[in-house]
Amino acid sequence: MADNTITVMGNLTRDPELRYTPSGAAVANLAIAVSRKWKDRSDEWTEETSFFEVTTWNTLAENVAESLTKGARVIVTGRIEQQSWETPDGEKRSAVKIVADDIGPSLRWATATVIRAERSESSTAQPSKKAPAKTYSEEPF
């Protein structure tokens, strides 16, 4: 069986958007910019940026929405999914996104304070904004 795991590191391009499904499952959508820099054949630095849409579910979604803000540098591990649809004009469209299994702060140029989240797996209550900005929470075991 083929493995479809991807890990990317980049910066959030917007604050995570937290919503709840009718059944009460939390879902957060976010976007990250991943840049890479290299020297070309003429010894000049070149930079290329790719943008990825990321979806997270359940407790991870709540923790991401409570902890991360636009500009935060993160490491995302998950799987790639392709979605296809047809526009009202009959045009076929598709997009590739990452469904995250885990997201964490990059500690290369920053520090983080980890605070264990006190919420049950079945909790559907919206998270409070009591945590200070740029504080990262981990998912309870």
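Guide: Leaving aside its neighbours within four places in sequence, valine 54 is in contact (heavy atoms within 4.5 Å) with Ala28, Asn29, Leu30, Ile32, Val76, Ile98, Ala100 and Ile103. The model is predicted, so local features are given at pLDDT of at least 70 and side-chain atom pairs at pLDDT 80 or more, while totals for chains, interfaces and linings use all residues. Residues are numbered from 1 along each chain as its sequence is written, and side-chain values use heavy atoms, with hydrogens and water left out.

Val54 belongs to the largest nonpolar core, which has 16 residues. Such a core is a set of buried Ala, Val, Leu, Ile, Met, Phe, Trp, Tyr and Cys residues joined through side-chain atoms within 4.5 Å. Buried here means under 20% relative accessible area, exposed means over 50%, and partly exposed lies in between (1.4 Å probe, protein chains only). Together with Ile32, Val74, Val76 and Ile103, Val54 touches the most other members of the core. At least two core residues come from each of strand 1 (5-12), strand 3 (26-39), helix 1 (58-67), strand 5 (73-86) and strand 6 (92-105). These elements are DSSP runs numbered from the N terminus, with helices (H or I) of at least four residues and strands (E) of at least two. In soluble globular proteins, nonpolar side chains tend to be buried together.

The strands may be taken next. Strand 4 (residues 45-57) is joined to strand 3 by 13 bridges, in an antiparallel arrangement; strands count as paired if DSSP finds at least two bridges between them. Tryptophan 45 of strand 4 is the bridge partner of lysine 39. The hairpin of strands 3 and 4 has five residues between the strands, and aspartate 43 in its turn has a positive phi of about 65 degrees. Strand 3 also runs antiparallel to strand 2 (residues 17-20), with four bridges, and leucine 18 stands opposite alanine 28. That hairpin, too, has five residues between its strands, with glycine 24 at a positive phi near 100 degrees. Strand 1 pairs with strand 3 over two antiparallel bridges, and leucine 12 stands opposite isoleucine 32. Seven antiparallel bridges join strand 1 to strand 5, where valine 74 is the partner of glycine 10.

Helix 1 is largely enclosed by the rest of the structure, because nine of its ten residues are buried. The buried ones include Leu60, Ala61, Val64 and Ala65, and also Glu62 and Glu66.

Two side chains carry a charge over a ring, which requires NZ of Lys or CZ of Arg within 6 Å of the ring centre and within 35 degrees of the ring normal. Arginine 36 lies over the face of tryptophan 38, at 4.0 Å from the ring centre, and lysine 37 lies over the face of tryptophan 45, at 6.0 Å.

Leaving aside neighbours within four places in sequence, Ser84 is in contact with Arg93 and Ser94.

For the chain as a whole, there are one helix and eight strands, in the order β-β-β-β-α-β-β-β-β from the N terminus. Of its 141 residues, 31% count as buried. Among contacts between residues at least 6 apart in sequence, 60% join residues at least 24 apart.
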